Structures are given as structure tokens and as C-alpha cells.
Amino acid sequence: MTKRILVAAMHKPVEALRIATGLTLADATLRVAMWGPTPRSEEAQMQLEALQFAEVPVDELPASADERWAELARRIVDSDIVYCV
């Protein structure tokens with residue numbers, strides 16, 4: 001059975017993207033949830049391109065705090081492994 005991994009990019013989004021890129025080597029289904037806006041720096045873009053190539057979804061959570069927490073909770077429950085960065 002394939003593990004489902006969630007990377008929640010909360011406080012260090014570029015580091016979370018870097019971790020997610022490394023996890024593409026794992027035999028797992030990987031998703032990334034961005035707590036805030038997706039970073040646009042050159043460093044972040046390199047990671048985002050690698051994740052796009054690996055067909056890993058990178059989603060921004062809803063803007064409203066209540067909706068954001070609810071969506072993050074749903075994704076956590078739906079995952080086998082969760083990294084909060």
C-alpha cells in the first residue's frame with residue numbers, strides 16, 4: 001500500500017518545498033499545502049518546477065482562517081505521514 005504524505009508549508013515555505021522535492025524519491029503519494037501564498041523567489045521556483053515535473057500538487061489553502069484550518073485538518077486526516085514546516 002502506497003503511503004500518503006502531506007507537507008504543510010506553514011512557517012518556512014521554501015524549506016517545506018525543498019523537503020517535498022526530496023520526498024519525491026519516496027514510494028509515496030505526495031501533496032503540499034501552502035499556509036500562505038506560494039513564494040515567488042528564484043529558490044522557490046526551482047523547487048516548484050521539480051515538484052511540477054514530479055506531478056506533485058502544491059495547493060494554497062483558503063484565505064479565511066477558519067476555512068484554512070478546516071482544510072488543513074481534512075488533509076492531515078487523509079494522510080499517513082505529515083510534515084509541518
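Student: Among contacts between residues at least 6 apart in sequence, what percentage joins residues at least 24 apart?

Tutor: This is a predicted model, in which local features need pLDDT of at least 70 and side-chain atom pairs count only at pLDDT 80 or more, while totals for chains, interfaces and linings use all residues. Residues are numbered from 1 along each chain as its sequence is written, and side-chain values use heavy atoms, with hydrogens and water left out. If contact is taken as heavy atoms within 4.5 Å, the share of those contacts in the chain that joins residues at least 24 apart is 74%.

Student: What radius of gyration does the chain have?

Tutor: The radius is taken over C-alpha atoms, and the globule rule is 2.2 Å times the number of residues to the power 0.38. For 85 residues a compact globule would have a value near 12 Å, and the chain agrees with this, at 12 Å.

Student: Which residues of helix α1 are buried?

Tutor: Buried means under 20% relative accessible area, exposed over 50%, and partly exposed in between (1.4 Å probe, protein chains only). The cover over the buried residues of α1 includes β1 (3–9), β2 (28–34), α2 (42–53), β3 (58–60) and β4 (81–84). Within α1, which runs over residues 13–23, the buried residues are V14, A16, L17, A20, T21 and L23.

Student: Is Q47 buried or exposed, and with which side chain does its side chain make a polar contact?

Tutor: Q47 lies in helix α2, and its relative accessible area of 11% is why Q47 counts as buried. Leaving out residues up to four places away in sequence, Q47 touches L17, R18 and T21. A polar contact is a pair of N or O atoms within 3.5 Å; within protein, one must be able to donate a hydrogen and the other to accept it, and residues adjacent in sequence count only if both atoms are side-chain atoms. At 2.9 Å, the side chain in polar contact with that of Q47 belongs to T21.

Student: Which side chain is joined to that of D59 by a polar contact?

Tutor: D59 has its place in strand β3 and counts as partly exposed, at 23% relative accessibility. Leaving aside neighbours within four places in sequence, D59 is in contact with R31, V32, A33, M34 and R75. The polar contact, of 3.2 Å, joins the side chain of D59 to that of R75.

Student: What value is phi of E55 near?

Tutor: E55 lies in the loop between α2 and β3 and is exposed, with a relative accessible area of 71%. Most residues other than glycine have a negative phi. In E55, a residue other than glycine, phi is positive, near 60°.

Terms used: Helix = DSSP H or I, 4+ residues; strand = E, 2+ residues; numbered from the N terminus.
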